[in-house]
Number of protein chains: 2
Amino acid sequence: MARTTLQDVASEAGVSLATVDRVMNGRSGVHARTVERVQAAVKALDFHPDRHASRLARGRDYDFRIILPTGENDFMKMLEGELRETGARLRHERIKLSVQQVDVFDGPLLAAAIEELPATIDGLAVVALDHPAVVEAINNLVAAGVTVLTLVSDLPSSRRSHFVGIDNVAAGRTAANLIGRFVHGSGKVGLIAGSLALRDHIERQYGFEQVIAREYPNLQVLPLREGRDDNSRVESAARALLADHPDLVAIYSAGGGQSGVVAALEASGRAREVVFIAHELTPLARRHLVRGTIDAIINQDAGHMARSVARVLQSTREGAPIVPGQERIRIDVFLRDNLP
Amino acid sequence: MARTTLQDVASEAGVSLATVDRVMNGRSGVHARTVERVQAAVKALDFHPDRHASRLARGRDYDFRIILPTGENDFMKMLEGELRETGARLRHERIKLSVQQVDVFDGPLLAAAIEELPATIDGLAVVALDHPAVVEAINNLVAAGVTVLTLVSDLPSSRRSHFVGIDNVAAGRTAANLIGRFVHGSGKVGLIAGSLALRDHIERQYGFEQVIAREYPNLQVLPLREGRDDNSRVESAARALLADHPDLVAIYSAGGGQSGVVAALEASGRAREVVFIAHELTPLARRHLVRGTIDAIINQDAGHMARSVARVLQSTREGAPIVPGQERIRIDVFLRDNLP
DNA sequence: CTGTTAGCGCATTCAT
DNA sequence: ATGAATGCGCTAACAG
């Protein structure tokens, strides 16, 4: 039983190769009756096109773009590195990934950057700010036939076809869960977020407060402080928390700037007693997790996300189904002992 | 700059396509001087073969085999399901995965099953028992040119080219870490393992006891009970633990048969107080994690492992490098809130 | 609206 | 020891 080919389908349907190709790839200019015949043949023979052959014959490389935020955020830098690495590997598989930095916190600017993309590109993955102009720009691109993915921070109201990232409400709940179980006794809990312009940090805060309030009445969450993902600003916030609240038992840092919290904790001499949960497994987080200053890290795997972006873009382009389990980004929990 | 092809290399080296192919694929019958010239050209042009073209031209499908244990182990069943699913997807990409069940706890039997495999297969992934006959069988297969991977339970002393699985010592340490942090106060900890014939459970036990002894002097690990991954046997063990030790504060089940522990805990009425950590996110584990009987699950992602087996086998066969980050199986920690 | 044809880059006979 | 020629299954002009 040799594999069934386009040719087999053509014979079965009594048409030529080219016609089957037109039907398979949704090109116009085929009689409705013929389309049906071909589709019937495809089903009858359980035909699946050979990816290798089609990619080879296609000639043109896929042109995928990625838009990340400018700035000093450690996680974004890791993600950029992973995307470039994935891109380097995929160059040999007829896929071109280009990464571009834009100030995603500026809605109109981000929207303009998206509008400027040529409609000839095959796909875009973007860290999306929740702003009407951005939604509009994304929808236009989709209308022009480009596959658009949101990355890290979602924009469900847009027509993006897929989101590569984690459920941030669940991530916030997980942080609360860990703090609730790690803390013995009662006290206050500090909450530091980055910016509230992207949905991700808002969602984490929401999930966090929800679980603490509902399940850990012994803990009291203090008013949120904005750290803007900036080390020194975050450090001030953490210092203030520690100084103002002798009964502070835990800190949850939902954004970047972890090293600020670490510095404040170490300066205070309370690093051991205060439970500290942060996001993203950066080299710094790793060190302090081993040392004990950080008690647990909640992570989204940058390498996995980069590869997922490429795979989803490619599959969508090929009209192939994606494998849900493979593209689901986990909410990783890292303790000292299960570091990768 | 069009991509460089085999043809370009041939011109550069002043030889024909066929000769370059011989060199690239390590076939014999080429003058040493010619080999050098070709290799120089490859380096000079930074040539990377086009996977799509080579797979298309190759014609023959890859024939990969997988050997799993017979028996009722839930995790193995999940793994089998994932392997079959991966196999179904890959049939359309010129890869054939066949899964086979063998009583891997019987060394000679397992070895015989491996010896019986035709040397024409391209690769094997096997859950390896630590037995000399198995090592021998694996080494023979490798010598015959077959790519061999160990799966779930490793056999580092063999010549297998790769292990798909987690670091089980670290997994045991992680369990200890969680119990140490979740338990308030002091008391006894029960430890139930499956069989000690495979390395994985031994390693988990080792890591677990190490961390409890070193970092949590308030806890005392009771002598290990063997549950043989069997629900009813595990249930007896758990019942005995609960009955004999009123000061039991936690149970770590390093093997299968979780539902036995759940049953014993629920019957005892101490499900809430006793911290229970188990392995593998089965549907049952999921339910009881949400309900609170299980406090945390340590997991190795069966879907990830199945895909990794296929990718590593394929890459090895193609002489392509594997992506370490993509093939590293994580030690997942699942709490109620970060369930996938 | 439909068919014919020429490659895509490589593996693999079959010659030399 | 090396080269020439054929075809893998599909896409994309180009004809009709």
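## Close-up views of a two-chain predicted model

View 1. A:R51, A:R55, A:E318 and B:E93 are linked in a network of salt bridges. The model is predicted. A:E93 is found in the loop between α5 (74-90) and β2 (95-102) of chain A. Its relative accessibility is 18%, so A:E93 counts as buried.

**View 2. Chain A meets chain B.** The contact draws 43 residues from chain A and 44 residues from chain B. In chain A, the residues that lose the most area to chain B are A:H52, A:R330 and A:D337. Together they account for 19% of what that side buries. The two chains, A and B, bury about 4200 Å² between them. Carbon and sulfur atoms carry 48% of that area.

**View 3. Charged and polar pairs cross between the chains.** Between chain A and chain B the count is 14 salt bridges. One salt bridge is formed by the side chains of A:D50 and B:R94, at 2.3 Å from N to O. The count of residue pairs in polar contact between chain A and chain B is 18, with both residues at pLDDT 80 or more. On the side of chain A that touches chain B, the elements giving two or more residues are α4 (51-58), α8 (168-182), α9 (199-215), α13 (302-318), α14 (324-327) and β12 (332-334). Of these, α8(A) gives the most, with seven residues. The residues of this side of chain A divide into 13 nonpolar, ten polar and 20 charged.

**View 4. Helix α6 of chain B has a buried side.** In α6 (residues 107-116) of chain B, the residues B:G107, B:L110, B:A111, B:A113 and B:I114 are buried. They lie on the same side of α6(B), because they cover an arc of only 160° around the axis. The buried residues of α6(B) pack against β1 (62-69), β2 (95-102), β3 (123-126) and α7 (132-143) of chain B.

View 5. A:L219 belongs to strand β7 (residues 219-221) of chain A. At 7% relative accessibility, A:L219 is buried. Beyond residues up to four places away in sequence, A:L219 touches A:I179, A:G180, A:V183, A:G185, A:S186, A:G187, A:V189, A:I212 and A:V249. A:L313 is 94 residues from A:L219 along the chain, and their C-alpha atoms are separated by 44 Å.

**View 6. A:E327 is a buried residue of a helix.** A:E327 lies in helix α14 of chain A. Its relative accessible area is 7%, so A:E327 is buried. Residues up to four places away in sequence aside, A:E327 touches A:H162, A:S308, A:R311, A:V312 and A:I322.

**View 7. Two loop residues have positive phi.** Most residues other than glycine have a negative phi. A:E280 has a positive phi, near 75°. A:E280 lies in the loop between β10 (275-279) and α12 (283-291) of chain A. With a relative accessible area of 7%, A:E280 is buried. B:R228 also has a positive phi, near 55°. B:R228 lies in the loop between β8 (225-226) and α10 (231-244) of chain B. At 47% relative accessibility, B:R228 is partly exposed.

View 8. Over all chains, the structure holds 50 salt bridges. In chain A, the side chains of A:R199 and A:D130 meet at 3.4 Å, N to O. A:R199 is in helix α9 of chain A, while A:D130 is in the loop between β3 (123-126) and α7 (132-143), 69 residues apart. A:R199 is partly exposed, at 27% relative accessible area, and so is A:D130, at 40%.

In chain B, B:D247 forms a salt bridge with B:K188, with the closest N and O atoms 2.9 Å apart. B:D247 lies in the loop between α10 and β9 (248-253) of chain B and B:K188 in strand β6 (residues 187-193), so the pair ties together parts that are 59 residues apart in sequence. B:D247 is partly exposed, at 34% relative accessible area, whereas B:K188 is buried, at 18% relative accessibility.

Technical notes
Residues are numbered from 1 along each chain as its sequence is written. Chains are lettered from A and ligands numbered from 1 in the order in which they are written. This is a predicted model: local features need pLDDT of at least 70, side-chain atom pairs count only at pLDDT 80 or more; totals for chains, interfaces and linings use all residues. Side-chain values use heavy atoms; hydrogens and water are left out. Contact means heavy atoms within 4.5 Å. Buried area is the accessible area (1.4 Å probe) that two parts lose on being put together, summed over both. A salt bridge is a side-chain nitrogen of Lys or Arg within 4 Å of a carboxyl oxygen of Asp or Glu. A polar contact is a pair of N or O atoms within 3.5 Å; within protein, one must be able to donate a hydrogen and the other to accept it, and residues adjacent in sequence count only if both atoms are side-chain atoms. Helices (H or I, at least four residues) and strands (E, at least two) are DSSP runs, numbered from the N terminus. Ala, Val, Leu, Ile, Met, Phe, Trp, Tyr, Cys and Pro count as nonpolar, Asp, Glu, Lys and Arg as charged, and the others, Gly among them, as polar. Buried means under 20% relative accessible area, exposed over 50%, partly exposed in between (1.4 Å probe, protein chains only). The arc is that of the directions from the helix axis to the C-beta atoms.
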